[in-house]
Amino acid sequence: MSFTAPIQLPGLTLDPQWYRRSVFYEVMVRSFVDSNGDGAGDLQGLIGKLDYLQWLGIDALWLPPFYNSPLKDGGYDVSDFRSILPEFGTLDEFKDLVTKAHERNMRIVIDYPLNHTSDQHDWFQQSRSDPTGPFGDYYVWRDNDEEYANIRIIFVDTEESNWTFDSVRRQFFFHRFFSHQPDLNFENAGVREAVFDTVRYWMDLGVDGIRLDAIPYLFESEAGNGEGEPETHDFIKELREMVDRNYPGRILIAEANQWPREVAAFFGTDEEPECHMAFDFPVMPRIFYALRSQHAGELISVLSETLDIPKGAGWGVFLRNHDELTLEMVSEEYRQAMYGWYAYDPRMRSNIGIRRRLAPLLDNSRAELELVHALLFSLPGSPFLYYGDEIGMGDNIWLPDRDSSRTPMQWTPDRNAGFSTADPGKLFLPVVQSLVYHYNLINVESQLAQSRSLLHWVRNVIHVRKAHPTFGLGEITVLPTSHESVLAFVRSYAGSGTQFGDSPENVLCVFSFAHNPVSATIDLADFAGSSTWDLFGGAEFPTVSEEGVLTVTLGTQSFYWLHLGTPSGVGGRP
C-alpha cells in the first residue's frame with residue numbers, strides 16, 4: 001500500500017496553539033504493526049505507517065504507555081518510566097519515531113500514568129523492604145485500612161477496597177485503581193521532583209505533549225473525596241509553569257473522568273494555567289444515548305453549559321478509546337438504558353461501562369458512523385480518533401477485560417490481517433474473525449480500493465474540517481429547533497488576522513438522530529437573511545428568512561454542515 005502525502009517542508013509548524021486545530025489519533029503500539037514477526041506491534045512498525053497516517057490527515061499521535069511493565073493493565077502499570085518495553089523497541093527507535101513524525105508535520109503525545117506505579121517498580125520494592133530508606137515514604141502507607149473512607153472505589157467490579165495489605169512491610173498501601181498499582185505519595189517532595197524529572201526526560205527527547213493519566217487523584221485528604229484536591233491543582237500549576245518556561249509549544253493533557261465544571265478546573269485560569277487540554281467525558285455517552293432514544297435533549301443540555309476556560313485552552317473530544325465506554329457520568333436509569341441498547345450481553349460490559357468498539361456499538365450502520373463522526377469533527381475541541389475506527393473495525397468480546405477492543409490493526413486480507421508475519425497462534429491477541437467484522441472484509445487495503453468506503457469518507461471529513469479554522473478555534477452557540485431529534489449549533493470564528501490568513505466564518509451544523517426523515521425549523525435570529533451553502537459540495541441551500549428562521553429536511557440519521565454567508569470557502573476548499 002502506498003500513499004501520496006502532501007508535499008511540505010520538513011519540521012513542525014510554529015503555531016503555539018497547534019493542538020486546538022489538530023486531529024489526534026490514538027495508536028496502541030502493541031496493536032498497530034509488528035515489524036519483526038514476534039507477534040506484537042512495535043515502534044518500527046508504527047514508523048512504517050506514518051505515511052498512511054499523514055495521508056489520513058492526522059496531526060498528532062497519542063501513544064498509550066510503552067514503558068517497561070508487567071502488562072497487567074495494558075501498560076498503565078509501569079515498572080520503569082524511563083525505559084521502553086523491549087518487545088516494543090529501543091530508545092533510539094523512539095527517537096527515530098519522533099524525528100520522522102516531525103518531518104511529516106505530525107506531533108507525538110505520550111501517556112504518563114503519574115498517579116501510581118506497578119508494584120514491580122523499583123521504588124515500591126525498596127519502599128516495602130526498607131521503610132526508613134530513601135523510598136520508604138514514596139507511597140501511601142498506613143497501619144490500618146480505615147483512612148480515606150469517603151474516597152470512592154473506582155474499579156467496583158474487581159476491587160473491594162482502596163487499601164491492600166503488604167506482607168513484606170506489614171502495612172496497608174493505598175491505591176485508587178488495581179491492587180497491583182500502588183499510589184505514589186505526592187506529599188513527598190521526592191515524588192514530586194521525580195515526576196518533574198520524568199516530564200523533562202521525555203520532552204528532552206522531543207515529545208510534543210504528555211497526557212496526564214488519572215490526574216484528579218494525586219493528593220488525598222480526610223476532608224475531601226480525593227478528586228481534584230487543592231494540592232493537586234497547585235502541583236499541576238507548578239508543572240505547567242516548568243513546561244511553559246523550558247518547553248514552549250509543548251502541551252499537557254488532563255485525563256479527568258468528571259463533570260464538565262470539575263474537568264474545566266484542570267485548565268486553571270488565565271493567570272494560573274494548568275493543563276492545555278482536557279478530555280470532555282460527559283458529551284460522549286450522550287451521543288450514544290441520542291442515537292437510540294432519538295432525543296437530543298441531554299446532549300443539548302451538556303453542550304449548552306457555559307464554562308469559563310482560559311484563553312488557549314482546548315477540549316479533547318472522542319467517541320471511543322482504549323478504555324471502556326464509561327457510564328460514570330450518567331444516572332442509573334440512563335445507565336440501564338445504555339446497557340440495554342449497547343451491552344445486552346454481559347460480556348460486553350466492564351466495570352461501569354461498555355467494552356466495545358465504535359462499529360459494533362452502532363451495529364455497523366454506515367449512516368450512524370457518518371453521523372457520529374460528523375458530530376465529533378464539528379464539536380468544540382480537538383477530535384481524538386481510536387486506531388481502526390476509521391475503517392469500522394470490530395471487537396472480540398470473548399477476550400478478557402479491555403482486550404476486546406485492542407486487537408491487531410487490520411491492514412490487508414492476508415494472514416494475520418497484514419499485522420504480523422508470525423504464526424497466527426503467536427499473536428499477542430487474535431485478529432478479529434467474526435462474521436461481519438472479519439479482517440478479510442474490513443481492512444485498510446480493501447477500503448483504499450473503494451472510493452465510497454468509510455476510510456475515504458473519514459479522510460474527506462478530516463480534510464474539510466482542517467480547511468475551516470472555525471471548527472478548532474471558534475465558539476459554539478446551540479440553537480433552538482422545532483424537533484426533539486434534531487441538534488443544531490453554529491460554530492463562529494472571528495478570524496485571527498495572523499500569517500495563516502484565517503478569516504471570519506460561521507458554520508451551521510445540524511444533526512438528526514431520528515430513525516426516519518424529519519423536517520425541522522431552526523432559530524437563527526442572529527443570521528436573518530443569510531444564504532447557506534453546503535460545506536462539502538458547495539451547493540446553495542435555502543436562505544435564512546428575514547425572521548431568522550431556517551427550515552431543513554433531513555434524511556434518516558443525517559447531518560448538514562452549512563456555511564452561513566457568501567459562498568467563499570465552501571466545497572471543501574479553504
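Q: Which hand does the crossing of α9 and α13 have?
A: A crossing counts as left-handed if the near helix is turned anticlockwise from the far one by less than a right angle, and as right-handed if clockwise. This is a predicted model, where local features need pLDDT of at least 70 and side-chain atom pairs pLDDT 80 or more, while totals for chains, interfaces and linings use all residues. Residues are numbered from 1 along each chain as its sequence is written, and side-chain values use heavy atoms, with hydrogens and water left out. For α9 and α13 the crossing comes out right-handed.

Q: At what angle do helix α9 and helix α13 pack?
A: Helices are DSSP runs of H or I with at least four residues, strands are E runs of at least two, and both are numbered from the N terminus. Axes are lines fitted to C-alpha atoms, for helices over the stretch in contact, and angles run from 0 to 180 degrees between N-to-C directions. The axes of α9 (residues 283-293) and α13 (residues 366-378) lie 11 Å apart, at an angle of about 140 degrees.

Q: Is α9 oblique or roughly antiparallel to α10?
A: The labels go like this: under 35 degrees is roughly parallel, over 145 roughly antiparallel, 65 to 115 roughly perpendicular, and the rest oblique. α9 and α10 (residues 297-304) pack at about 155 degrees, with axes 8 Å apart. That makes the pair roughly antiparallel.

Q: Which residues of α10 make the contact with α9?
A: Contact here means heavy atoms within 4.5 Å. α9 brings Val283, Arg286 and Ile287. On the α10 side, it's Glu298, Leu299, Val302 and Leu303.

Q: Which residue in β8 stands opposite Arg142?
A: β8 pairs with β6 in the antiparallel sense. Across from Arg142 sits Phe172.

Q: What is the N to O distance in the salt bridge of Asp96 and Lys100?
A: A salt bridge is a side-chain nitrogen of Lys or Arg within 4 Å of a carboxyl oxygen of Asp or Glu, and the structure holds 24 of them. Asp96 and Lys100 both lie in helix α4 (residues 91-103), four residues apart, about one turn of the helix. Their side chains meet at 2.8 Å.

Note on methods:
Pairing = 2+ DSSP bridges.
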